[in-house]
Amino acid sequence: MTTENAETTAEATGEWEREPDPSDSLRTFGAVVQALREHAGLSRAEFAERVRFSKHTVESVELGRRMPDESFVERAEGATGDTGALRRAARHLTRGEPGLAAWFRRWARLEKVAASLCTYECRLVPGLLQSEEYARAVFEGTIPLLTDEQLAAQVTARLERQKMLRERPQVPFSFIVEESVLRREFGGREAMRDQLDQILDQTAPRHVSLQVVPLEAALHACLDGPVRLLETPDGRRFAYSEGQQNGRLIADQKEVGLLQLRYDTLRSQALNPRESRGLLERLRGEI
């Protein structure tokens, strides 16, 4: 079988199926391919002929919907001047991360290398502290409804992220949570009992701290909504805020500094870790 026929067969049998969850790196690579193609003065049809892939495949790669194989990269290099840019870019290609929203992936990658991490939540138990049953209840209530496969991917991704609490004991993790969040039942009383046990267990190590904002607390510094903050090993600071169907990674240091100031102020307004743990234990006993 010729190379061209093999590639045609691969496309027909699904090897070149559209990526189910395109990654940022795929989109960036595709944009580079398109820019170099246009700089070379080639239409998609002309470029497709030179790289010996269909016009549809070229379009899908440029839009970040398909993972290019090695032969595509090499022929694309030749068709665009052999600059080496595509070979270098291809080394960093990754597929989408199942279970993580597209707008959350950059933050999730920063979490993995963070030197410190701070989280304030007023809606739900923070994802890093959720029990499996609680997480499942959250995702089951998602609109539009998820398929069984999507639901499983979401829960698996959340549990996978939680491993950093155990695997990175040198990293300080700080959580501030509204008491109302801890009183809201998700999945029934037994599920909430398990959830409180999970929080008590996850926040027991000395590198993990939890503070609760009590119901009787006055107006406080983070009323604008949830916020996450982190610092990288090289001292860079980032923040992340999330709303309905979107999330924003914040790199502007002035804005990050303001959010950090609000978080630090809230620390002084919330119960201290010992008092917070006592409150959790009382709530656990009430269920």
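Student: At roughly what angle do the axes of α3 and α5 cross?
Tutor: They cross at roughly 120°, and come within 9 Å. The axes are lines fitted to C-alpha atoms over the stretch in contact, with angles from 0 to 180 degrees between N-to-C directions. This is a predicted model: local features need pLDDT of at least 70, side-chain atom pairs need 80 or more, and totals for chains, interfaces and linings use all residues. Residues are numbered from 1 along each chain as its sequence is written, and side-chain values use heavy atoms, without hydrogens and water.

Student: Why are α3 and α5 called oblique?
Tutor: Under 35 degrees is roughly parallel, over 145 roughly antiparallel, 65 to 115 roughly perpendicular, and the rest oblique. The roughly 120° of α3 and α5 falls in the rest, so the two helices are oblique to each other.

Student: What makes the contact of α3 with α5?
Tutor: F47, R50 and V51 of α3 meet F72, R75, A76 and A79 of α5 (heavy atoms within 4.5 Å). Five of these residues are nonpolar, none is polar and two are charged. Phe, Val and Ala count as nonpolar, and Arg as charged.

Student: What makes F47 and F72 an edge-to-face pair?
Tutor: A ring pair is described by the distance of the centres and the angle of the planes. Centres must lie within 6.5 Å; planes under 30 degrees apart are stacked, over 60 edge-to-face, the rest tilted. F47 and F72 have 6.4 Å between centres and 70° between planes. Both tests are passed, and the pair is edge-to-face. F47 sits in α3 (residues 44-51) and F72 in α5 (residues 70-79), 25 residues apart. The whole structure holds five aromatic pairs.

Student: Why is α8 called oblique to α9?
Tutor: The axes of α8 (residues 132-140) and α9 (residues 148-167) come within 10 Å and cross at roughly 140°. That angle makes α8 oblique to α9. The contact joins E132, A135, R136, F139 and E140 of α8 to L151, Q154, V155, R158 and L159 of α9. Five of these residues are nonpolar, one is polar and four are charged.

Student: How do you know that β5 and β6 pair?
Tutor: Pairing takes at least two DSSP bridges. Five bridges join β5 (residues 237-243) to β6 (residues 246-250), and the strands run antiparallel. A239 stands opposite I250 in β6.

Student: How many residues lie between β5 and β6 in their hairpin?
Tutor: Two residues lie between them. In the turn, Q245 has a positive phi of about 60°.

Key
Helices (H or I, at least four residues) and strands (E, at least two) are DSSP runs, numbered from the N terminus. Rings of Phe, Tyr and Trp (its six-membered ring) pair if their centres lie within 6.5 Å; planes under 30 degrees apart count as stacked, over 60 as edge-to-face and the rest as tilted.
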